[in-house]
Amino acid sequence: MYKIYPYLDKNPQIDETAYLADFSVITGDVTIGKESSIWFHTVIRGDVAPTIIGDRVNIQDQSLLHQSPNKPLIIEDDVTVGHQCTLHSAFVRKNALIGMGSIILDGAEIGEGAFIGAGSLVPPGKRIPPNSLAFGRPAKVVRELTEEDKQDMARIRREYVEKGQFYKSVQN
């Protein structure tokens, strides 16, 4: 079963349509939008600043979301966060995809529809432009996204909404 904890006077606000997988942990000042999914062994701690997760966002297995003082973590609608990612006080714009094992640090901004390649490190304050592929440690823009890239990202988002709603329907 998932765990939800208050922190001081803050309680997570989770839309009733969101799916929370077993062994996920959500604490404090966290908001999770409609049809979003938080997958197995993910930890979202809202005990320093707010974390705001939009609609139809998927935060995949073993990811960690946290903040620095007075620096919220904001994830807009329709974002995919791959397995084992760390997001810390960043701003992820709508339709972006964060590849598996990536780390996004304080003050970084991932542009609308951008794709961060697996295993990348986006350093503090770095801005990744919209509709671009960035990759590496530190992440650097390598090219603009193709229509095929954008279609694949949309497919992943759609499949995660469907999977989350399926698992929600069979969850005990």
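This is a predicted model: local features need pLDDT of at least 70, side-chain atom pairs count only at pLDDT 80 or more; totals for chains, interfaces and linings use all residues.
Visitor: How many aromatic pairs does the structure hold?
Guide: Two rings count as a pair if their centres lie within 6.5 Å. By this criterion, the number of aromatic pairs in the structure is seven.

Visitor: Are the rings of Y19 and Y167 stacked or edge-to-face?
Guide: The ring centres of Y19 and Y167 are 5.9 Å apart, and their planes meet at 25°. Planes under 30 degrees apart count as stacked. The pair of Y19 and Y167 is therefore stacked.

Visitor: How many residues apart are Y19 and Y167?
Guide: Y19 belongs to strand β3, residues 19-20, and Y167 to helix α1, residues 147-170. The pair thus links distant parts of the chain, and the separation is 148 residues.

Visitor: Is Y19 buried or exposed?
Guide: Residues under 20% relative accessible area count as buried. Y19 has a relative accessibility of 3%, so Y19 is buried.

Visitor: Which kind of aromatic pair do W39 and Y167 form?
Guide: Their centres are 5.5 Å apart, with 85° between the planes. An angle over 60 degrees counts as edge-to-face. The pair of W39 and Y167 is accordingly edge-to-face.

Visitor: Which parts does the pair of W39 and Y167 tie together?
Guide: These parts are 128 residues apart in sequence. Y167 lies in helix α1, whereas W39 lies in the loop between β5 (37-38) and β6 (43-53). The pair therefore ties helix α1 to the loop between β5 and β6.

Visitor: Over which ring does the charged end of K163 sit?
Guide: The distance from the charged end of K163 to the ring centre is 5.2 Å. The ring in question also belongs to a cluster that includes Y19, W39 and Y167. It is the ring of Y160.

Note on methods:
Residues are numbered from 1 along each chain as its sequence is written. Side-chain values use heavy atoms; hydrogens and water are left out. Rings of Phe, Tyr and Trp (its six-membered ring) pair if their centres lie within 6.5 Å; planes under 30 degrees apart count as stacked, over 60 as edge-to-face and the rest as tilted. Helices (H or I, at least four residues) and strands (E, at least two) are DSSP runs, numbered from the N terminus. Buried means under 20% relative accessible area, exposed over 50%, partly exposed in between (1.4 Å probe, protein chains only). A charge sits over a ring if NZ of Lys or CZ of Arg is within 6 Å of the ring centre and within 35 degrees of the ring normal.
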